[in-house]
Each structure stands twice: as structure tokens, then as C-alpha cells.
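Hello! Please keep the structure open as you read.

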Amino acid sequence: MASLSRAARAASSRLNTHRVCTGLLSRSRAFHATANTNRSFLSSLLQTAKSNNPITSQWYGQPTHETHPELVGPTEATHGIAKSEYEARRQKLVKDLPLGSTLLLFSASMHFVSPHVFHSFRQDSDFYYLTGWNEPNSVVAIEKSATASRGYVMTMFVNPKDPKKEMWEGPRNGIEAAVALFGADEARPIAEFRKYTNKLTNRLQDRKSRDDACIFADLDAEHGLLRSRECNAFKDQLRRENMGSHVHRLSPLVQKLRLIKSSAEIQLMREAGRISAHGFGQLMQRCRPGLSESTLQTVFEQATKMALVSQGEDGSVTDRSALSRPAYVPVFASGEHALCMHYVQNSSPVKSGDLILVDAGAEYAAYASDITRTFPVNGRFSQPQRDLYSALLSVHEQMIKLCHVGSGYSLNEIHRRSTKVLATELKQIGLDVSDSDIDEQLFPHHIGHYLGMDVHDTFDINRSQQLKRNMVVTIEPGVYVPYDSKFPRAFHGIGIRIEDDIVVGQTEADIENLTARAPRSVDEIEACVGSASWEFQA
């Protein structure tokens, strides 16, 4: 199949056809002039597997306004994000790049647990940020052009509709939707991507274009992320043709855009924070000695889903839970398990007298939350637990107040400040500690990180950058007292972390804590833990 163009989409809508064709359609005036006189011919031409097949004819591979009007608005490409916002992101990205530049974005791949058994798919964040497209085996090419009306031409290479495969694997968006719904100028089957890269490398080899034509793409596996088959094939092609010097990393440019959140993004993160805070409330209410850490994890995850289900006065149910899933593998670390920063086995029973440290969050419409609370399994802090918790809570609250532009702080500077404040707070409860004790044992991790589509968002952006309005960051001081004789025995084996998601304000008054509803003070926690009843099976 050849490409599908925006002009063809316009023509097909005037013909009142249900879908546009996957053949290469002309943008010329002649096509538009003769369109109405060739209705019957074009009507048959514009039929595709999508519009003819009764099983997949009205399905897409993800929620759209046509199929899920309760989730996606008429002007939105994805829930909460307008098509115009995706367009603005792409225009900002190409604005300062040289003419002739080509940007290649590769989707994430499916990953398998075992043969024929796959993990739930999650799209590459940069890819999703610029397109909203949520399918694997896809590539986006954005070419900066002085003659294009938008300043660039966007071509998407995707899986076409295939009823036989969709019967087994579920529906696909198809080539048509790439143009009609997701902003592409042209769309082609993914099998044609190799033809495109051949033309691209030929163009780069032209001496006249070597100085200004370059490719921006992320070809190397970094931070544990595996690259797609198409990405690896293109990388091999560049190596064979000795063209690697023309390729520059794309992700740092995209991350600069992702670092500052739009009002729409903050609203989605506000909802992610709300449902996660609800999950913590339900978790605390149902915590009982003897339950497994795994059971408590299930309570949390179910509660975040149910927070998106509501019933109207007329009895009708609204359910947005399809937009949510865990943002990361959670930590449910009871007792001394909390001394491990990322304990995720979550397999032990929780015991009366112990604390449990829970680091968990839901993702909502592709945006993450990240909360940590530490609370007593039996609902009451012991005196050493209370003292240590109160000391850390003071650090937490003081650091949140620094999350505004007027403070002049970066995350690194807030971290340095937090270690000094923690040392002071600990001294007041009988832990006289050195700087090395803080950095190497008691508080070995950073005070926070950027948050957004990824839990550890925009990983190429240094935390020494001064905070700017509408960044979203976590503030998460911790204290972990090992079994070491230089620390008072009463605190041995206690691990505590408190974490909230903060929208950076212009002033202190503008700071917003997205996760403040999760119980946090000693009184709130003790009032909440164990307050709900269980119905156990006999």
C-alpha cells in the first residue's frame, strides 16, 4: 500500500465516505475538481479492509472520540489532551532545528513473559508525547520543510488494518486513523519503512546536503529501554553505510518540552494524584496485622481503579478506570524490609508493632503519580517510631515550601538543604549524626526527581537546573536506621519515607501538592489505619 494524505482525507469527507483509502491520493486541484463527478468510482476506491469487515470496522486500537466519547472529547486525540496541543508540541520541537532535518521516533515494542504470553503494552513516552498513538511497530518521521504549511511534514509508518490478525490480537488503529485522528500528513504500512530509510540515507550521502541535513533519533538502548525491531534495523543500516555521524539524539530535545507541564497535563496529574491518594486512604483503613504485603498491594490497586467509577443521581454508572494502571512496580515494605530502598517482593505478612513503608502510585491517561507513606500496621506509632516520623515529616514540609521559582533553588540545592535540616531534626531526638552518616546510611537517596509521563521523568535533565513554574517534582526525604551500634538501639530497623508530588509555583502561595489527600500527619494516620472492616471467608 502507498501513503494516505491529508488532502485525501478532506476529499473523502466531502464525498461522505466512512473511511479514506490507503492508496496514494493526489493533493492536486484536479483531484478535487473531478471528485464529485467520480463518486461511484472513488466510493469503491475508498473502501478498505476496515470499512468492509464487520468485526473490526468500527474499532480502533485505542479509545477515540468515535468509539469512547465518554473518555475522549471531540477535539481531543487522547483523553485530556487536544489535537491542537499535540500539534503545538511538534511545532515547538522543529522550530529551532535546521531545514532539512529529519526526526525519527520509534514506538515501544511488545515484551513477552514467555512464548506467546505478552506483557501489557506501554508506549514510549517521547513517541506518545508527540503523537498520542498507542500501538507498537510504529515509526514517525518528521521532516522540517520551508514549503510545508506547518513547517514540517509528518509521515507515520504503522500496522495497517488486517481483519485476520485483529481477530486474534485485537483491533488496530490502521493507516487511515494516523491521518484522520493523529495528525499525520501521510501514513504508510510499517513494511515500507525500509524504503523510506533508503531514500533518507541516499539524501544524506549527497554532498550538497551533508552540511545541513541531519537525523535526530534515539537508536541506543538506554536506562533499560529496549529498542524496536525497526530501530535496530535502521541502526544497522547506518553502521553499514558509515552514516552514524549524521545522527543526533532526539530525546534531550523532547525532554526539554516535557519538563514544563501544560495546564492539561497538570490536570491529568492532578487526577492521578487524587486516585492514588484515595488508594492510600483505603489501604490504611484495611491494613491489619497478619495480612500479606501482597494483599495490601491488591487493595491499593483496586482502590485506585474504583476511584474512577461513579454513579449519577439517575443510577447511571460512569467508569474511567480503563485510563489507569500502576505507574511502577510498588514497594510494600513492612518492618526491616523498609531498609531496602526498592523492596518489591511484597511477599511477607505484616506484623503488629512494625511500620510498613508503601511507595506506590497510579498512572492516569499516561501521566504518573508517585506517593510514599509510612504507617504503623496496628494503627499506633510506638514512641521511637513517632519521634523519627515526626522529625522526617518536619523535613518534608520544609522542603515543599522551597518548591517555587522565588526560592531560587534547584532540586540538588533542596537536597543539600534537606540533609542539613534532617541532621538538626535527628539531633533533637537523640541521634547525633555526621554528614557521612546522613549521606551514606540514613538518607542515601536524593530528595526528589522530575515527574510526568515517566515516574523518573526527563532523565536527561540535570537536577541542578533552577526550578521553573509548572515543573512537577517529588519531595521524598527518607531515614533508614540500620542495625549499627553507633545509632540508638530504639531506632534500629526502622525505615521511613514520605513522598508527595509537587507542582512548582511562581511563589510559595502558588505551590500545589497533587497528593496532599493521602493521610500524612501522625493524627491523620492513626485515625485512618484499621478503621474499615473486612469480611473474611470462613
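1. The model is predicted, so to speak of local features pLDDT of at least 70 is needed, side-chain atom pairs count only at pLDDT 80 or more, and totals for chains, interfaces and linings use all residues. Residues are numbered from 1 along each chain as its sequence is written, and side-chain values use heavy atoms, with hydrogens and water left out.

2. Back to the second largest pocket, whose volume is about 1,300 Å³. Its lining has 41 residues, and Gly61, Met110, Phe121, Asn134 and Pro136 lie nearest the centre. Helix H6 (125-131), helix H7 (163-169) and strand E14 (324-326) are the elements that give two or more residues to this lining. (A pocket is an open set of points on a 1 Å grid over the protein atoms alone, where a 1.4 Å probe fits, with protein on both sides within 12 Å along at least five of seven lines; lining residues have an atom within 4 Å of a point.)

3. Which residues touch the most other members of the largest nonpolar core? They are Phe375, Leu426, Ile475 and Ile496, out of 61 residues. H14 gives the most to this core, with seven residues. A nonpolar core here is a set of buried Ala, Val, Leu, Ile, Met, Phe, Trp, Tyr and Cys residues joined through side-chain atoms within 4.5 Å. Leaving aside neighbours within four places in sequence, Leu426 is in contact (heavy atoms within 4.5 Å) with Leu388, Leu431, Val433, Ile438, Leu442 and Val479.

4. Ser407 sits in the loop between helix H14 (383-400) and helix H15 (411-428). A polar atom of its side chain is 2.8 Å from the backbone oxygen of Leu402, and the Ser407 side chain also reaches the backbone nitrogen of Tyr409 at 3.2 Å.

5. Finally, have a look at two residues other than glycine with positive phi. Asn137, in the loop between H6 and strand E7 (139-144), has phi near 55°. Ala365, in the loop between strand E17 (362-364) and strand E18 (367-368), has phi of about 50°. Asn137 is partly exposed at 26% relative accessible area, whereas Ala365 is buried at 11%. (Buried means under 20%, exposed over 50%, partly exposed in between, with a 1.4 Å probe and protein chains only.)

Definitions and conventions
Helices (H or I, at least four residues) and strands (E, at least two) are DSSP runs, numbered from the N terminus. A polar contact is a pair of N or O atoms within 3.5 Å; within protein, one must be able to donate a hydrogen and the other to accept it, and residues adjacent in sequence count only if both atoms are side-chain atoms. Grid points are joined across faces, edges and corners, and a volume is the space filled by probe spheres set on the points.
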